[in-house]
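This report covers salt bridges, a metal site and a domain interface, in that order.

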Amino acid sequence: MKAVMYHYVRDGVDRLPNYYYLDITDFRKQLDYFDQEFGFVERESFLAYLRGVRSTPPSGVILTFDDGLRDHYEFVFAELQKRDLWGIFYVPTGPYQTETLLDVHKTHILLGEVSGSELLAETHEIIEEKMIPHRRREEYKTKTYKTHDDIKATKEVKRILNYYVSDEFQTEVLDRLAARIGHEPVDVSDYYVRPEELREMYQNGMTIGAHTVNHPVLSKLDKREQELQIHDSFAHLDDILGDMTLRTFCYPYGNDATYNEITVELLNSCECEWCFKVESADITDEDIGSRPQALPRYDCNEFPYGEASGSIGTNSK
Ligand SMILES: [Zn+2]
């Protein structure tokens with residue numbers, strides 16, 4: 001079994017962010033490719049195997065889509081329905097509660113408007129010492145760099161915003177960057193799947209999973225804060241969808257350093273059946289048996305037709 005992860009999937013470039021996205025034509029070609037090469041795992045077979053009701057592992061591809069993006073309703077859901085396929089959609093609930101964009105997406109929008117190196121230069125201008133916790137200050141001074149290579153600069157901006165800057169300053173830094181770059185406010189209801197659309201997807205066989213409230217790096221939070229991120233996101237999805245019959249979750253950013261034992265303990269305690277992280281590997285029988293809270297998942301750009309289009313042309317989380 002292989003799980004594959006997608007973010008933006010869309011038709012054309014007239015929507016924000018104009019940064020990177022998988023073109024719907026390539027998405028269709030990739031689905032054709034998966035169909036020919038591996039086939040798809042049916043939802044019922046997956047659940048039966050996971051729950052120990054079925055002993056032979058199903059083989060094929062499981063499709064997953066992160067961040068509750070409106071693309072998923074507009075382009076992905078329609079395509080999956082046409083092909084009689086199911087997908088798992090991991091939705092952060094913060095935007096429904098606060099009606100603001102998540103910081104991770106504000107970064108994507110900025111990167112859709114100016115080049116990576118331009119944004120990096122602006123970021124260096126804005127960062128003040130007080131915004132970096134003491135323990136990371138020395139590292140910040142020696143390890144962050146300036147570059148005119150846009151792809152490297154883009155990674156560096158994300159590293160500064162997600163890792164070096166204290167959580168309490170993240171929003172402020174992003175808002176100040178937006179003001180310097182002069183970007184227009186974005187309508188949240190055009191950016192994320194709307195609640196009634198999420199219900200329609202859910203009622204038509206799509207699986208909806210939690211992806212925290214506001215997409216933090218969970219391992220940076222204490223137990224109480226992690227608990228809020230996990231419990232509130234499930235509770236809010238329950239409110240939108242009626243009680244969900246199964247619970248699944250995926251870790252924001254998703255590599256091993258982004259969550260810890262406390263996270264897994266909390267997920268077990270709220271009867272979450274399985275979670276995805278990001279790792280280039282197939283899901284083995286052993287994974288299902290011994291670590292269902294850390295199932296590996298490929299990025300779509302690791303397969304044919306999965307390379308992103310857009311101003312930078314690199315896929316990302
Ligand atoms: Zn995400």
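## Salt bridges

Arginine 83 and aspartate 32 pair through their side chains in a salt bridge, 2.8 Å from N to O. The term means a side-chain nitrogen of Lys or Arg within 4 Å of a carboxyl oxygen of Asp or Glu. Arginine 83 sits in the loop between helix 3 and strand 5 (88-91), and aspartate 32 in helix 1 (residues 24-37), so the pair ties together parts that are 51 residues apart in sequence. Helices (H or I, at least four residues) and strands (E, at least two) are DSSP runs, numbered from the N terminus. Across the whole structure, the search finds 30 salt bridges.

This is a predicted model: local features need pLDDT of at least 70, side-chain atom pairs count only at pLDDT 80 or more, and totals for chains, interfaces and linings use all residues. Residues are numbered from 1 along each chain as its sequence is written, and side-chain values use heavy atoms, with hydrogens and water left out.

## Zinc site

The zinc ion has three protein donors: Asp67 (OD), His211 (NE2) and His215 (NE2), lying 2.1 Å from the ion. Donors are N, O and S atoms within 2.8 Å of the metal (3.2 Å for Na, K and Ca); water is not among the atoms, so sites may look incomplete.

Along the chain, the donor spacing reads D-x143-H-x3-H. Aspartate 67 is in the loop between strand 4 (61-66) and helix 3 (70-82), while histidine 215 is in the loop between strand 6 (207-210) and helix 12 (223-241), so the pair ties together parts that are 148 residues apart in sequence.

## Domain interface

Domain 1 spans 2-95 + 191-302, and domain 2 spans 103-181. These bounds come from an automatic or database domain assignment. The C-alpha centres of the two domains lie 27 Å apart. In contact (heavy atoms within 4.5 Å) are 15 residues of domain 1 and 15 residues of domain 2.

The area buried between the domains is about 1200 Å², with 56% from carbon and sulfur atoms. Buried area is the accessible area (1.4 Å probe) that two parts lose on being put together, summed over both. One salt bridge is counted between domain 1 and domain 2. Lysine 220 and aspartate 167 also meet in a salt bridge through their side chains, at 3.2 Å from N to O.
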